[in-house]
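Have the model open and follow along.

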Amino acid sequence: MRYSQMLLPTTREIPAEAEVISHQLLVRGGFIRKLTSGMYTYLPLGLLALQKVTGIVREEMNRAGAQEILMPMVQPGDLWMESGRWKKYGPELLRFRDRHDRDYCLGPTHEEVVTDIARRELHSYRQLPVNLYQIQTKFRDEIRPRFGLMRGREFVMKDAYSFDSDDSGANTSYETMRQTYVRIFQRCGLEFRAVEADSGAIGGSFSHEFMVLAEAGEDTLVICDTCTYAANVEKAAIMPSRPAARDTALMEMVKVATPGMKQVDTVAEFLSVRPADVIKTMIYLADGVPVAALVRGDRKVQTVKLKNLLQANEVEPLTDEQLWQQARLPLGYVGPVDLQLKIVADQEVMHMTNAVAGANEKGQHYTGVNPGRDFQPAVVGDLRQVAADDSCPLCGGRLCLTEGIEVGHIFKLGTSYSEAMKASFQDSDGLDKPFIMGCYGIGVSRVVAAAIEQNHDDKGIIFPVPLAPFHVIILNLGPKDADYCQASERLYTELRDRGLDVLYDDRDERPGSKFNDADLIGIPFRLTVGKIFAKEGKVELKIRKTGEILVLTVDEMISHVTELVRQALSC
């Protein structure tokens, strides 16, 4: 493509609403333009980058035996009512009615639609396994769209769905997709980790997230520095603590005055104990019912773990006002003793001895509180958020916390959708059985943003070669000079003939502007026909990632750059 003929509106100004570097650089580099909140138009350069990701995804999905289809973005509400998600999914599901007053929604995902296809078209075990996928626009009505392509309302997604006749086959399908995702992100040239994750609103029994490691990530990852264990912080398991030997007698429980002391740290200091000796009691609404969650005073409640322990659809903390209105409990003084609510305790709490806890009276706490004697939880389990000083649940090694951007998520769905929607097949004995399903998503547009978050410098984007909209950019610094133009045209034509994607900057602009634009848009290999060509008849190659510079003749450069690109694409 010739730069002079391309819609490529670069700018030096940083957009005011852009909070993260990928959003800034995508706008400054002329990749995207905002239409409205959370919705963007892909300009030519942005669409080319998107198509590079799409191409890799499609090749690997086809290689794995999946079949591509295309389902409607608009979905009838009846299907979502069948699955039970019409109310469960929440306000992110954009609902509307047509002229016949029938319920519809814009698809954030397509489990219901693809299950409907399966129950209509797949009737026998002989037709299984089947994996159907699409690459399509999705819509989720995010309450606060931000970070450009990383969390928009409209986005491009690859979603796949597997149908198997038994658990063994479903496990095989899941593992095939896990390996496929590894190949996809390796081919994209990204540093990533596959981590255990919570299934969320999709449902299912088991899932993995694929996270690109980057400082701007919205998710915290827990990674062992010794073994391969990795998990999202919402899912990260805690190695069960061993009960400490009780070498002190159980104290009598005593109520003490703690006026104005609502925080764990201030209570601990006042009573000359450690925060770890205080039982922190947090009140949540679980499907509308108040429950108490207990953790050690120096820990935090992980709400996803709480939701899973309670098998609840929604869990949210009570506001200060709700705490009094719904539970008649004073803020800062809540404790488990004589608490008339369901109590869920972290396993660590049950090993505490002679602890401090709120007395459920303003300005009052108890000392000498002992689990089992003074209160009995209804549920005990892994409830707290992992911390950097925790041990790996697999090998006991040190856990590290890092940030990541979710770009892919795979789920074992089981029969939750097929049973709800009566999607079944006949087995070898002629019996009707529900499909065992899996679900596999990749945020295609988010991959572009994540790649930039992981690969940039103060000059602009540094695209991995497989994701770059163009492999090579040719800068003609003498567009009015016949020799410069002849050499540039030859480079442009012959590199394209060899299968490379080439952008030819033929504009009559200052060299500095051309260099700045080339760095900004992140093309991996820059060829400059300039002063060195005038003096020696040679072309300068600069590698965007390393800054390495090489000077070769035109013939040598064509062969060398072709080989560099081919090597990068074969990794």
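**Pocket and cavity**

The strand β14 gives the lining of the second largest pocket its largest share, five residues. Here a pocket is an open set of points on a 1 Å grid over the protein atoms alone, with protein on both sides within 12 Å along at least five of seven lines, and lining residues have an atom within 4 Å of a point. Helices (H or I, at least four residues) and strands (E, at least two) are DSSP runs, numbered from the N terminus.

Please keep in mind that this is a predicted model, where local features need pLDDT of at least 70 and side-chain atom pairs count only at pLDDT 80 or more, while totals for chains, interfaces and linings use all residues. Residues are numbered from 1 along each chain as its sequence is written, and side-chain values use heavy atoms, without hydrogens and water.

The second largest pocket has a volume of about 480 Å³, a volume being the space filled by probe spheres set on the points, which are joined across faces, edges and corners. Of its 24 lining residues, Lys262, Lys280, Thr281, Met282 and Gly332 are the closest to the centre. By class, the lining has 13 nonpolar, seven polar and four charged residues; Asp, Glu, Lys and Arg count as charged, Ala, Val, Leu, Ile, Met, Phe, Trp, Tyr, Cys and Pro as nonpolar, and the others, Gly among them, as polar.

Now for the cavity, a set of points where a 1.4 Å probe fits but cannot get out. The largest cavity has a volume of about 40 Å³, and α13 (511-521) and β29 (525-529) each supply at least two residues of its lining.
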